[in-house]
Amino acid sequence: MNTHHERANVLIEALPYIQRLSGKTIVVKYGGAAMLDDNLKKRFMEDITLLKFVGMNPIVVHGGGPDINGTLSALHIETKFHNGLRVTDEETMKVVQMVLTGRINKDIVAGINACGGKAVGLCGIDGHVISAHKCPPVEGVDLGCVGEIDSVDTKLLNMLTSDEYIPVIAPIGCGEHGESYNINADTVASAVATALKAEKLMFLTDIDGIRRDPEDPSTLIYEISSMDVAGMIADGIVSGGMLPKAKACAKAIREGVNRVHIINGTIPHSIILEIFTDSGIGTMFTK
Ligand SMILES: Nc1ncnc2c1ncn2[C@@H]1O[C@H](COP(=O)(O)OP(=O)(O)O)[C@@H](O)[C@H]1O
Ligand SMILES: CC(=O)N[C@@H](CCC(=O)OP(=O)(O)O)C(=O)O
């Protein structure tokens, strides 16, 4: 991009998207490789800050699975997953809460603030935003402190977004007796977007979207109906960490979120590319 004219054109092309999404809630699930690379992290913080400055209401829900694994391993605590969910005993729960609400949440908040935004970090315990109960056993496996969401209280989130703040949410839920629950961040992003009737929900991950063959980039599915997700899970096409993500996407679109996308967080400024272009990127979910 060389001339002033070309630069101005780029900004003008963004105008219809800014007009359409101004005042609208955009929930972004931040996770995977985009969270591990410093350069990508910086680009992510810039994108979120930009969305706020052009009048949208971005909300970040973050994960941190790899970071939790690293800390557990340093503490010689075994990591176990079942169906993409961490089997979370009491000891593991302490580490999960420490890593998510302590280190990761504050890193993201500080990063957005350094870009000129005003981020506020919280988890589902703060303001009792996410009420949860213990998840029943999955295929006979007791997942310990893994929670299922009962409700999302939108009051605090609306207070923040209607002002100059950007909420950054760690995926911890709160039980009725004050106990903490570990909830998959994709599930939290979906529930938050649904409760807020968000215009858009985007999942940043380490792959370009849902593929028919996870190993073959040419099999990327550009558009998928939420009705087809269960079949793809049953056929074993969607597995591992993509399981909660695909379920979360299908649920959000069925429950009224207008647009739901899985996009590749390893592409710098992937959020901007998705929002400010007609073709978008990644896998888009439809009803
Ligand atoms: N059909 C599929 N298409 C794409 N990725 C898939 C599929 N099935 C399983 N996966 C796996 O899911 C991973 C993404 O999930 P995960 O690593 O948990 O992401 P995140 O950390 O962003 O939540 C991909 O890297 C891929 O290995
Ligand atoms: C129940 C459950 O699995 N919770 C997740 C919460 C973090 C998360 O979801 O992180 P990613 O988005 O990076 O996978 C966990 O303990 O890893």
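**Figure 1. Helix α4 against the sheet in the predicted model.** Helix α4, made up of residues 90-114, lies across the strands β2, β5 and β8. Its direction is at about 165° to that of β5.

**Figure 2. The open sheet and its edges.** Eight strands form an open sheet with mixed pairing, in the order β5-β8-β2-β1-β11-β13-β14-β12. Its edge strands are β5 (119-123) and β12 (223-225), each of which pairs on one side only. From one strand to the next, the twist averages 20°.

**Figure 3. Pairing of β5 with β8.** Strand β8 covers residues 166-170 and runs parallel to β5, to which it is joined by 5 bridges. In one of the bridges, Cys123 has Ala170 of β8 as its partner. Helix α2 (residues 38-53) packs on the sheet, where α2 touches β8 as well as β1 (25-30) and β2 (57-62). The direction of α2 makes about 150° with that of β2.

**Figure 4. His76 in the loop between α3 and β3.** The loop that holds His76 lies between helix α3 (65-74) and strand β3 (81-82). Phi of His76 is near 60°, a positive value in a residue other than glycine. Most residues other than glycine have a negative phi. His76 counts as exposed because it has 6 C-beta neighbours inside 10 Å, and the cut-off for exposed is 12 or fewer.

**Figure 5. Asn83 in the loop between β3 and β4.** Asn83 is placed in the loop that runs between β3 and β4 (85-86). Here too phi is positive in a residue other than glycine, with a value near 55° for Asn83. Asn83 counts as partly exposed, because 15 C-beta neighbours lie inside 10 Å.

Figure 6. The C-alpha trace spans about 60 × 40 × 35 Å along its principal axes. Of the 287 residues, 46% count as buried. Among contacts between residues at least 6 apart in sequence, 72% join residues at least 24 apart.

How values were computed:
Residues numbered from 1 in each chain as written. Chains lettered and ligands numbered in written order. Predicted model: local features only at pLDDT ≥ 70, side-chain atom pairs only at ≥ 80, totals over all residues. Pairing = 2+ DSSP bridges. Helix = DSSP H or I, 4+ residues; strand = E, 2+ residues; numbered from the N terminus. Axes fitted to C-alpha atoms, helices over the stretch in contact; angles between N-to-C directions. Contact = placed C-beta atoms within 7 Å. Buried ≥ 20, exposed ≤ 12 C-beta atoms within 10 Å, placed from the backbone.
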